[in-house]
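Here is a friendly walk through some charged pairs and helix contacts. Keep the model open beside the text as you read.

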Amino acid sequence: GTLSVQVLTNSRTGAEAVRARFNRPCELDVAYANGGISSTLSHPFLAYEPRAAGIYSDWEARAAEIRLSRRAERNSYWFVDDTAALRAEWPKILSGQPDVLKIFLLDASENPPPINAEGLPRGHGLRPSVASAFVKLAHAAGIRVAAHVETANDFRIAVDAGVDMFAHLPGYEIEKNLPSAAAEIDEPTARRAGARGIVFTPTVSLAVLSAEPVTPDSLVERRRAIQRRNIQLLMRHGARHANGSDWFGRTAWGEVEALSALGILSLEQVARAWMATPQLIFPRRQIGALHDGYEATLLVFRENPTAPVALTRAVQVE
């Protein structure tokens, strides 16, 4: 039943190889962001560079080699450490004709500590000043910006920078050494996000990625509690929820199940948010509703898809 896809970090060359297959009648509608925008050696560097270098295991043992490799730079990721670098890279970023762009904030700071000198690198993403300048350039070019965030302060920085959507909410993968308060969005920031109709994809399904058993006081349950709080806060102030997995090889179905299991939205609310997601991916198109002049892209269900969510699996292809 998937009709619309938004890929928020991808190799530019990979997208160019398949773009012609999509965004035409009877095919998927796809929006590509191309490479993620971050600082030197920060995420998503490790998501792409080792594999681009042909390294699929023993990353720690080959950390020095990985740190020096740049095979996927300006393709799957971009390093932008200051506004001067942004000015230099911006024409090249635009040349890939991205449909949307994605920035990375990872406990972001204007003066981040040095990256660890040995082992696999762990950076802090863009400086807040660079994030703000980037969003201004993107909006001037008519391109929306999504943000990857880890902390509540990252979320505030991104809202203040003017981003249009969030690829995660803080707390989805919080670790034991970080207090829950560090991932709890504050009310004034939530109010500003809601006033602008910011879109958020909470990725609650990623909260279960822990080796620790799930118990009432486990890390997984603490992550879920933070997600419940943040989602309810944002929706109360008018932010818009979209469903997406951020899980390679999986559709949004797992995210829908995980969100439903939180128990904070009715099954109808979860299903309707899923159906509204294409409008949030392609805001300039008339899709996702039965109105005069809208594109006739239809899914047919045997049962009411806004009833129990399990029924949305029952797509009737005709």
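Glu65 is partly exposed, at 41% relative accessibility. Its salt-bridge partner is Arg62, with a distance of 3.0 Å from N to O. Arg62 is partly exposed as well, with a relative accessibility of 33%. Bear in mind throughout that this is a predicted model.

**Salt bridges**

How many salt bridges does a search of the whole structure find? The count is 13.

| Pair | N to O distance |
|---|---|
| Glu65 and Arg62 | 3.0 Å |
| Glu89 and Arg74 | 2.7 Å |
| Glu175 and Arg223 | 3.4 Å |

Let us take the second pair next. Glu89 and Arg74 form a salt bridge whose closest N and O atoms are 2.7 Å apart. Is Glu89 buried or exposed? Glu89 has a relative accessible area of 8%, so it is buried, the limit being under 20%. Arg74, with 37%, is partly exposed.

Now for the third pair. Glu175 and Arg223 form a salt bridge, with 3.4 Å between the closest N and O atoms. What does this bridge tie together? Glu175 is in the loop between β7 (165-166) and α7 (187-195), and Arg223 is in helix α8 (residues 219-236), so the linked parts lie 48 residues apart in sequence. Glu175 counts as partly exposed, at 44% relative accessibility.

Salt bridges also link residues into a network, made up of Asp29, Arg285 and Glu295.

**Helices α4 and α5**

Which way does α4 run relative to helix α5? The axes of α4 and α5 (residues 128-140) are 10 Å apart and meet at an angle of about 30°. That angle makes the two helices roughly parallel, since angles under 35 degrees count as such. The crossing of α4 past α5 is right-handed. On the α4 side, the contact involves Thr83, Leu86, Trp90 and Ile93; on the α5 side, Ser129, Val130, Ala133, Phe134, Leu137 and Ala138. By class, eight of these residues are nonpolar and two are polar, with no charged ones.

**Helices α9 and α10**

Another helix pair is worth a look. Helix α9 (residues 253-261) and helix α10 (residues 267-281) have axes that come within 10 Å and cross at roughly 150°. Angles over 145 degrees count as roughly antiparallel, and α9 and α10 are therefore described that way. This crossing, of α9 past α10, is right-handed. Trp253, Val256, Leu259 and Ser260 from α9 meet Leu267, Val270 and Trp274 from α10. The contact comprises six nonpolar residues and one polar residue, with no charged residues.

**Around Ala53**

One last stop is Ala53, in the loop between α2 (45-52) and α3. Which residues does Ala53 contact, once its neighbours within four places in sequence are left aside? They are Ser69 and Arg71. Ala53 and Arg71 are 18 residues apart in sequence, yet their C-alpha atoms are 6.5 Å apart in space.

Conventions:
Residues numbered from 1 in each chain as written. Predicted model: local features only at pLDDT ≥ 70, side-chain atom pairs only at ≥ 80, totals over all residues. Heavy atoms only, no water. Salt bridge = Lys/Arg side-chain N within 4 Å of Asp/Glu carboxyl O. Buried < 20%, exposed > 50% of the residue type's maximum accessible area, 1.4 Å probe, protein only. Helix = DSSP H or I, 4+ residues; strand = E, 2+ residues; numbered from the N terminus. Axes fitted to C-alpha atoms, helices over the stretch in contact; angles between N-to-C directions. Parallel < 35°, antiparallel > 145°, perpendicular 65-115°, else oblique. Left-handed = near helix turned anticlockwise from the far one by under 90°. Contact = heavy atoms within 4.5 Å. Nonpolar A, V, L, I, M, F, W, Y, C, P; charged D, E, K, R; others polar.
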